[in-house]
Amino acid sequence: MLVEQIPAITYVEEFDEARDRDDDGRDLFMSPQSKTILGYPPEELVQDQELWWRLVHPQDRQRVRRAASASHSSERFSCEFRMITRDGRVVWVQEDAAVVRDPATGVQLWHGVILDITARKAAEIALAGALVREQAASERLRKIDEMKDGLLRAISHDLRTPLTTIYGGGKSLLSVDDFPDSTRRAILEGIVRGAGKMQRIVENLLDLDRIDKGQATVHELAPVRLDEVARRVADEVALDAVRVEVETEPLVVNADEAMLERIVDNLVVNAVKHTPDGTSVRLLVTSTNAGAELVVEDEGPGVPDRMKESIFAPFHRGPEHDRPGLGIGLSIVAHFAQMHGGRAWVTDRAGGGATFHVWLPVDDDFARQLAGPST
């Protein structure tokens, strides 16, 4: 009664010292739980001595046979493996057996028990998965923490210079009353440039936050003169010791003008930042491939091939990591270009440096109006 009531399969099998256990000793007894666990009544398993091995999962069969072969010398067997039930389900079982000798007859038999451990295995797998997810989450948090530290360092560096200019210029204007007009104007221009740099930093951070939250949207599409936007932005950017040479042709794109300005601004600022003093940056607007192409060339270190795609991802910076910068301007360029049906990419500049490209579709109807009546 005990054997037939416990929630496990019990069995008795011949033990032949002349052969390994995986050669299938003859089953003498199997308890009714085989019907509950595997869907096969014990009579069927005892009559068909090959059936048991056919029920062992194919991916576990070789491993179980090796364990059975090794058990012959130790006269003990223990293994966890999968089996396929009559209705096609896969269950995990734990089989433990030992050789028992009848003291009266001297006959040796395998006495074994098979437990259904499917629920336990599912819990183990879930726990292992949770551990992997926890490790991945910890790694993400570590990277976020590193990114936060790097972002704070970059922001503090990028803000310190314009803040120093604004603070120093304002303090000078307050403390000295008789500055020559030219000096006063130069100080005020420095304050305006510093404020412009700070404004660009704040706008980039806000743009990145909106992109990350999926809230960045094109507010209003309208025909915009790309060449005029390019010249205006180039004039507004503080260029310091780097010249920006602008070459444009009249081109109209259907765009959100504010986003278009952000694209040009970030491209030019990025190029200026990575171009040595005394060199120049070229800003070109030209028609190509049924669209308008904005091109910015610099004479900096260039972009390695391995970074030509990742450089447009947030917080990915060029090869000169010691240069200041947040590493978000180019990601905003790429995202805003995609929102307008365009794209952004980078190539090598002939003679050294990098060439950044942004392609945008052209508003053909407005372009024809701009050109005037055909002759």
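Good morning, colleagues. The structure is a predicted model, in which local features need pLDDT of at least 70, side-chain atom pairs count only at pLDDT 80 or more, and totals for chains, interfaces and linings use all residues. Residues are numbered from 1 along each chain as its sequence is written, and side-chain values use heavy atoms, with hydrogens and water left out.

I begin with the chain as a whole. It holds 11 helices and 12 strands; these are DSSP runs, H or I of at least four residues for helices and E of at least two for strands, numbered from the N terminus. Of its 375 residues, 40% count as buried. Here buried means under 20% relative accessible area, exposed means over 50%, and partly exposed lies in between, with a 1.4 Å probe and protein chains only. A contact means heavy atoms within 4.5 Å. Among contacts between residues at least 6 apart in sequence, 61% join residues at least 24 apart.

I turn now to the cores. In soluble globular proteins, nonpolar side chains tend to be buried together. A nonpolar core is a set of buried Ala, Val, Leu, Ile, Met, Phe, Trp, Tyr and Cys residues joined through side-chain atoms within 4.5 Å. The largest such core in this model has 44 residues, and those with the most contacts inside it are Leu260, Leu267, Leu283, Leu294, Phe312, Phe356 and Val358. Among the elements that each supply at least two residues of this core are helix 8 (226-236), helix 9 (257-273), strand 9 (280-288), strand 10 (291-297), helix 10 (329-339) and strand 12 (354-361). Which element gives the largest share of this core? That element is helix 9, with 8 residues.

Residues up to four places away in sequence are not counted, and leucine 294 touches Ile263, Val264, Leu267, Leu283, Leu284, Val285, Phe356, His357 and Val358. There is also a second, separate core of 25 residues, which includes Phe15, Val64, Val99 and Ile114.

An open sheet is formed by 5 strands in the order 7-9-10-12-11, with mixed pairing; two strands pair if DSSP finds at least two bridges between them. Strand 7 (243-248) and strand 11 stand at the edges, each with a single partner strand, so one side of each has no neighbour in the sheet. From one strand to the next, the twist averages 20°.

Two pairings deserve attention. Strand 10 and strand 12 pair in the antiparallel sense over 7 bridges, and glutamate 293 stands opposite tryptophan 359 in strand 12. Strand 11 and strand 12 also run antiparallel, joined by 6 bridges, and alanine 344 has valine 358 of strand 12 as its bridge partner.

I come to the helix pair. Two packed helices are described by the angle between their axes and the distance between the axes. The axes of helix 9 and helix 10 come within 9 Å and cross at roughly 145°. Such axes are lines fitted to C-alpha atoms, for helices over the stretch in contact, and angles run from 0 to 180 degrees between N-to-C directions. Helix 9 contributes Met259, Arg262, Ile263, Asn266, Leu267 and Asn270 to the contact, while helix 10 contributes Gly329, Leu330, Ile332, Val333, Phe336, Ala337 and Met339.

Why is helix 10 described as largely enclosed by the rest of the structure? The reason is that 8 of the 11 residues of helix 10 are buried. Just after helix 10, glycine 341 takes a positive phi of about 80°.

Aspartate 265 is placed in helix 9 and counts as buried at 9% relative accessibility. Leaving aside neighbours within four places in sequence, aspartate 265 is in contact with Arg200, Val233 and Val237. Aspartate 256 lies in the loop between strand 8 and helix 9 and is buried, with a relative accessible area of 7%. Histidine 111, by its relative accessible area of 37%, is partly exposed and lies in strand 5 (residues 108-116). Histidine 111 and phenylalanine 15 are 96 residues apart in sequence and 9.6 Å apart in space, C-alpha to C-alpha.

Thank you for your attention.
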